[in-house]
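User: I'm new to this one. Can you walk me through it?
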Amino acid sequence: VFSWNAIIVGCTHHGHCEEALRLFWQMQWECVKPNIITFVATLKVCANLIVLEEGRKIHACIIKNGFESNVFVGSA
């Protein structure tokens, strides 16, 4: 998961938000379990792109993975 996070965060920081979001969904497709860093970075991508529906899908993933009460995810 560390490598996925590094690539997603890197894409986000360099303005490649669509690519970061695509990588998040590819990560899910390949059954790599996201962690807190993954979700924080991906929520930032959704905010940057103003994509509400994607944000809702990611929120569902956050709940599914048990991170809904995590303070870092909650403040993202």
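User: How many residues does helix 4 have, and how far does it reach?
Analyst: Helix 4, residues 52–64, has 13 residues and reaches 18 Å from its first C-alpha to its last. That is close to the 18 Å expected at 1.5 Å a residue, where the expected span is 1.5 Å times one less than the number of residues. Helices here are DSSP runs (H or I, at least four residues), numbered from the N terminus.
User: Where do these numbers come from?
Analyst: This is a predicted model, in which local features need pLDDT of at least 70, side-chain atom pairs count only at pLDDT 80 or more, and totals for chains, interfaces and linings use all residues. Residues are numbered from 1 along each chain as its sequence is written, and side-chain values use heavy atoms, with hydrogens and water left out.
User: Which residues of helix 4 are buried?
Analyst: G55, I58, C61 and I62. Buried means under 20% relative accessible area, exposed over 50%, and partly exposed in between (1.4 Å probe, protein chains only).
User: What does the face turned away carry?
Analyst: The exposed residues L52 and K64.
User: New topic. How many disulfides?
Analyst: The count is 0, a disulfide being a pair of cysteine sulfur atoms within 2.5 Å. For C17, the nearest cysteine sulfur, that of C11, is 8.9 Å away.
User: Is C17 buried or exposed?
Analyst: Buried, with a relative accessible area of 7%.

Definitions and conventions:
Helix = DSSP H or I, 4+ residues; strand = E, 2+ residues; numbered from the N terminus.
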